[in-house]
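Please consult the sequence and the structure shown here.

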Amino acid sequence: LRGRLARRRADWKDARACFERAQEIAEVAELYDVAARSIAGLAGVSRETGNLPAARRDFGEALVRAQTSGDRDSVAFVHHGLLGLEYDAGDLPSALEHGWVAVAMYQSDVERMRCLASLAGALMAYGDREAAEDAWSVVASACEERYYQVFAYDALSHLAALRGDRREFAAR
């Protein structure tokens with residue numbers, strides 16, 4: 001958590017140190033799911049600082065650890081990270097593939113909804129408005145987090161505007 005907080009503050013040095021230390025401890029304790037998430041945290045730092053090749057490498061390593069752990073949420077977490085990475089890299093087909101895997105694998109309803117919101121955004125960027133609307137509709141109706149509901153209704157209103165549907169736009 002400290003690494004995530006440091007990353008959100010853009011304190012890259014502290015974030016890396018926290019994730020590296022967490023990975024070391026997890027590896028010694030053979031907690032490969034925690035190691036996978038720590039490595040994914042390092043990948044996130046690389047992604048956010050613009051080093052997409054390093055991020056891709058780290059996410060690959062994280063995926064191996066997550067699969068070794070057998071923890072479905074950890075595997076989904078890494079695929080969710082890869083969704084964001086490939087979106088940033090402009091490889092929308094790969095982003096969508098990782099997104100669908102993550103949504104299917106998450107056991108946590110909260111994380112599944114968060115991932116579905118990410119996937120919906122990628123679907124919009126890809127140009128599949130119908131699938132994006134379906135995904136955003138699920139997020140709007142099933143997500144318990146207001147933050148994601150607001151994004152969902154914003155996206156649904158945008159999609160209505162693109163269709164020229166003023167009534168639906170106003171309703172959303």
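Which residues in α5 meet which residues in α6? From α5, the residues are Arg72, Asp73, Val75, Ala76, His79, His80, Leu82, Leu83, Glu86 and Tyr87; from α6, they are Leu92, Ser94, Ala95, Leu96, His98, Gly99, Val101, Ala102, Ala104 and Met105. Contact means heavy atoms within 4.5 Å. The residues of this contact divide into 12 nonpolar, 5 polar and 3 charged. Here Ala, Val, Leu, Ile, Met, Phe, Trp, Tyr, Cys and Pro count as nonpolar, Asp, Glu, Lys and Arg as charged, and the others, Gly among them, as polar.

The model is predicted: local features need pLDDT of at least 70 and side-chain atom pairs count only at pLDDT 80 or more, while totals for chains, interfaces and linings use all residues. Residues are numbered from 1 along each chain as its sequence is written, and side-chain values use heavy atoms, with hydrogens and water left out.

**The helix pair**

Two packed helices are described by the angle between their axes and the distance between the axes. Helices (H or I, at least four residues) are DSSP runs, numbered from the N terminus. The axes of α5 (residues 72-89) and α6 (residues 92-105) come within 8 Å and cross at roughly 160 degrees; axes are lines fitted to C-alpha atoms over the stretch in contact, and angles run from 0 to 180 degrees between N-to-C directions. The crossing angle makes α5 roughly antiparallel to α6 (over 145 degrees).

His80 lies in helix α5 and counts as buried, with 17% relative accessibility. Buried means under 20% relative accessible area, exposed over 50%, and partly exposed in between (1.4 Å probe, protein chains only). Leaving aside neighbours within four places in sequence, His80 is in contact with Ala102, Tyr106, Arg114, Cys115 and Ser118.

**The aromatic rings**

The structure holds 2 aromatic pairs. Rings of Phe, Tyr and Trp (its six-membered ring) pair if their centres lie within 6.5 Å, and planes over 60 degrees apart count as edge-to-face.

| Pair | Centres apart | Angle of planes | Type |
|---|---|---|---|
| Tyr147 and Tyr148 | 5.1 Å | 80 degrees | edge-to-face |
| Tyr147 and Phe151 | 5.1 Å | 75 degrees | edge-to-face |

Tyr147, Tyr148 and Phe151 form one aromatic cluster. Tyr147 and Phe151 both lie in helix α9 (residues 146-163), 4 residues apart, about one turn of the helix. Tyr147 counts as exposed at 55% relative accessibility, whereas Phe151 counts as partly exposed at 41%.

Terms used:
Helix = DSSP H or I, 4+ residues; strand = E, 2+ residues; numbered from the N terminus. Parallel < 35°, antiparallel > 145°, perpendicular 65-115°, else oblique. Phe/Tyr/Trp six-rings, centres within 6.5 Å; stacked < 30°, edge-to-face > 60°.
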